[in-house]
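Take a look at the structure below.

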Amino acid sequence: MEANRLGPQGFPELKNDTFLRAAWGEDTDYTPVWCMRQAGRYLPEFRETRAAQDFFSTCRSPEACCELTLQPLRRFPLDAAIIFSDILVVPQWTLMTYMVEGGSSSTMAQAKRWLYQRPQASHQLLRTLTDALVPYLVGQVAAGAQALQLFESHAGHLGPQLFSKFALPYIRDVAKRVKAGLQESGLAPVPMIIFAKDGHFALEELAQAGYEVVGLDWTVAPEKARERVGKTVALQGNLDPCALYASEEEIGRLVRQMLDDFGPQRYIANLGHGLYPDMDPEHVGAFVDAVHRHSRLLRQN
């Protein structure tokens with residue numbers, strides 16, 4: 001079973017499986033780290049590559065996606081490579097929130113209006129999206145993905161009642177059906193991560209939703225999250241992205257505190273949300289290095 005976790009058939013053996021072992025709840029020699037949006041506009045090489053063609057052309061080009069995926073790994077000793085793509089490739093403008101809103105919003109009022117005024121239509125749309133997502137995610141694994149992360153980016157806009165009614169059932173369904181789809185396709189299981197931004201009110205439910213890892217944003221205290229989810233899942237997170245505007249010395253201090261709070265095992269370090277376009281790549285490197293350095297020291301003590 002362990003060998004199956006290292007990569008799909010025909011792929012070279014992994015040189016670093018620390019991220020996967022942490023996601024499966026196994027002991028690691030240090031804390032693995034990656035960053036949401038690590039292939040992003042904060043890198044000048046990313047901006048240069050993206051300027052050559054439009055977004056959807058980029059997503060459909062294996063060569064371009066490979067280049068963008070590898071750019072942050074050339075700079076930083078990250079423990080995971082994030083395949084460059086976007087959920088926009090399922091319906092070309094993301095999922096339900098923006099399909100209803102027609103764009104970004106600070107309140108998501110139009111999408112929430114649907115939930116209140118058109119609950120049956122909302123469930124129908126969410127079922128349709130789930131039906132599209134499941135084979136898409138299974139296909140990602142068939143193509144070589146070794147872990148999957150599902151985002152519920154607007155959990156905080158929903159609140160406990162709407163989240164429980166309109167989000168959690170589909171979050172559970174995706175995990176259940178993807179795992180079944182992998183088995184039916186003869187594919188090895190992969191760890192799945194659920195990240196529900198501002199969903200701190202549902203940590204217990206998320207920990208029991210069928211995912212190996214629960215991602216946390218920066219509004220959640222790590223030690224409290226540990227108490228609430230127990231030892232059933234690994235945790236991921238959760239440094240405030242804006243902490244990377246601080247000095248490299250302060251970044252190191254904040255990382256030490258974060259690692260102390262999460263504990264040495266069953267943990268993947270990350271930011272509490274994605275990197276911002278104006279962030280200094282040197283400070284991203286300081287974050288990654290601090291995680292590796294201080295987590296090794298913690299394990300020695």
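This is a predicted model. The protein exposes about 14600 Å². Charge comes next. The protein has 30 positive and 35 negative charges.

Now look at the whole fold. The protein holds 13 helices and 5 strands. Its radius of gyration is 19 Å, close to the 19 Å that the globule rule gives for 301 residues, so the protein is as compact as a globular protein of that length. Along the principal axes, the C-alpha trace spans about 55 × 45 × 40 Å.

Go inside. Of the 301 residues, 48% are buried. Contacts also tell us how the chain folds back on itself. Count those with a separation of 6 or more: 68% of them join residues 24 or more positions apart.

Finally, zoom in on one residue. Ala 286 sits in helix H13, which covers residues 281-300. Is Ala 286 buried or exposed? Its relative accessible area is 13%, and buried means under 20%, so Ala 286 is buried.

What does Ala 286 touch, leaving out residues up to four places away in sequence? The answer is Glu 248 and Ile 251. Consider Glu 248. In sequence, Ala 286 and Glu 248 are 38 residues apart. In space, their C-alpha atoms are 6.0 Å apart.

Key:
Residues are numbered from 1 along each chain as its sequence is written. This is a predicted model: local features need pLDDT of at least 70, side-chain atom pairs count only at pLDDT 80 or more; totals for chains, interfaces and linings use all residues. Side-chain values use heavy atoms; hydrogens and water are left out. Helices (H or I, at least four residues) and strands (E, at least two) are DSSP runs, numbered from the N terminus. The radius of gyration is taken over C-alpha atoms; the globule rule is 2.2 Å times the number of residues to the power 0.38. Buried means under 20% relative accessible area, exposed over 50%, partly exposed in between (1.4 Å probe, protein chains only). Contact means heavy atoms within 4.5 Å. Accessible areas come from the Shrake-Rupley method with a 1.4 Å probe; for residues, only the protein chains shown count as cover. Lys and Arg count as positive and Asp and Glu as negative; His and the chain ends are not counted. The place of a charge is taken as NZ of Lys, CZ of Arg, CG of Asp or CD of Glu.
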